[in-house]
Amino acid sequence: AGEPEVIGLVETLVDRESRFLLQRDTLNQVFLILLVGSLIAIGLSALITVLLFKQPLYQLKQGAMAIAQGQFGYKIRLDSRDELGDLAETFNQMSDQLQQLVQDHAERERLHHELEIARQVQQANFPAVIPQLPGLAIAAFCRPHSETSGDFYDLLTLDGCQLGVMVGDVSGKSIPAAMVMVAALSTLRAEAYNYVSPAQVLDKSNITLADRILPGMFAAVSY
């Protein structure tokens with residue numbers, strides 16, 4: 001075996017047109033790679049955006065729908081420290097404020113209803129018919145400053161053609177005053193038919209009412 005011998009030499013020449021075609025194919029491949037890479041990047045960006053924003057935005061949408069349906073106090077549970085987290089916190093504060101406003105409105109409506117009932121009870125205790133006696137022209141009218149008050153009066157037809165005139169005022173205002181007023185007027189009216197002397201009527205009524213009205217409240221009565 002001897003040393004290898006060179007039999008022949010082959011030289012390949014690439015002309016200008018072939019080089020151009022080769023470069024074009026290379027550029028097309030590079031462009032295709034860049035295009036595919038860009039599409040992948042856009043897809044990943046869209047996926048990240050959906051994961052980061054779609055769920056918080058969906059929660060905000062659900063919260064707005066809940067508020068629109070009257071579910072005041074609805075809370076959004078969003079653990080985020082960015083602008084969406086601030087928006088969720090603002091939404092929760094607004095929801096709490098709306099709930100408080102609704103509760104306050106309901107409480108005012110309830111108090112108004114109770115005051116109206118107390119006013120009706122109070123008015124029902126005033127004389128429905130004014131007694132008429134020969135030689136006297138009698139009229140009576142009472143208008144409370146608010147829905148209810150402690151002012152009251154009564155006109156009683158007593159034995160022997162006597163007329164009992166009662167005017168009084170209970171300390172305080174609103175429902176407590178109306179309750180004490182009804183109790184005082186009922187007691188005074190009952191005692192007026194049991195005793196002839198106005199002093200006895202007031203004394204017996206005072207004894208009865210002293211143990212039944214609220215501490216710190218009183219009624220001033222002229223009879």
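These legends walk through several close-up views of a predicted model.

Residues are numbered from 1 along each chain as its sequence is written, and side-chain values rest on heavy atoms, with hydrogens and water left out. Because the model is predicted, local features need pLDDT of at least 70 and side-chain atom pairs count only at pLDDT 80 or more, while totals for chains, interfaces and linings use all residues.

**View 1**
Helices (H or I, at least four residues) and strands (E, at least two) are DSSP runs, numbered from the N terminus. Of the 223 residues, 24% count as buried; buried means under 20% relative accessible area, exposed means over 50%, and partly exposed is in between, with a 1.4 Å probe and protein chains only. The protein exposes about 16,500 Å², and carbon and sulfur atoms supply 60% of it. Those areas come from the Shrake-Rupley method with a 1.4 Å probe, and for residues only the protein chains shown count as cover. Take the contacts (heavy atoms within 4.5 Å) with a separation of 6 or more: residues 24 or more positions apart account for 57% of them.

**View 2. The largest nonpolar core, a set of 15 residues.**
A nonpolar core is a set of buried Ala, Val, Leu, Ile, Met, Phe, Trp, Tyr and Cys residues joined through side-chain atoms within 4.5 Å. Here Phe126, Phe152, Leu156, Met166, Val170, Met181 and Leu185 touch the most other members. β1 (151–158), β2 (162–170) and α3 each supply at least two residues of this core, and α3 gives the most, with 5 residues. Apart from this core lies another, of 6 residues, including Leu60, Ile67, Ala88 and Phe91.

**View 3. Phenylalanine 152 and its contacts.**
Leave aside the neighbours within four places in sequence, and Phe152 is in contact with Phe126, Met166, Val167, Gly168, Asp169, Val170, Met181, Leu185, Leu188 and Val221.

**View 4. The largest pocket, with about 190 Å³ of space.**
Pockets are found on a 1 Å grid over the protein atoms alone: a pocket is an open set of points where a 1.4 Å probe fits, with protein on both sides within 12 Å along at least five of seven lines, and lining residues have an atom within 4 Å of a point. Grid points are joined across faces, edges and corners, and the volume is the space filled by probe spheres set on the points. Among the lining residues are Val180, Leu188, Leu202, Ile213 and Phe218. α3 (174–192), α4 (198–210) and β3 (219–222) each supply at least two lining residues, with the largest share, 5 residues, coming from α4. By class, the lining has 10 nonpolar residues, 2 polar and no charged; Ala, Val, Leu, Ile, Met, Phe, Trp, Tyr, Cys and Pro count as nonpolar, Asp, Glu, Lys and Arg as charged, and the others, Gly among them, as polar.

**View 5. The second largest pocket, with about 150 Å³ of space.**
This one is lined by Thr157, Leu158, Asp159, Gln162, Ala192, Tyr193, Asn194, Tyr195 and Val196. That makes 5 nonpolar, 3 polar and 1 charged residues. Gln162 is found in strand β2 and counts as partly exposed because its relative accessibility is 41%. Beyond its neighbours within four places in sequence, Gln162 is in contact with Leu156 and Thr157. The C-alpha atoms of Gln162 and Val196, 34 residues apart along the chain, are separated by 9.9 Å.

**View 6. Two residues of helix α2, glutamine 122 and glutamate 89.**
Helix α2 covers residues 83–124. Gln122 has 1% relative accessibility, so it counts as buried. Its C-alpha atom is separated by 6.5 Å from that of Ala178, 56 residues apart along the chain. Glu89 is partly exposed, with a relative accessible area of 44%. For Glu89 and Ile76, 13 residues apart along the chain, the C-alpha atoms are separated by 7.9 Å.
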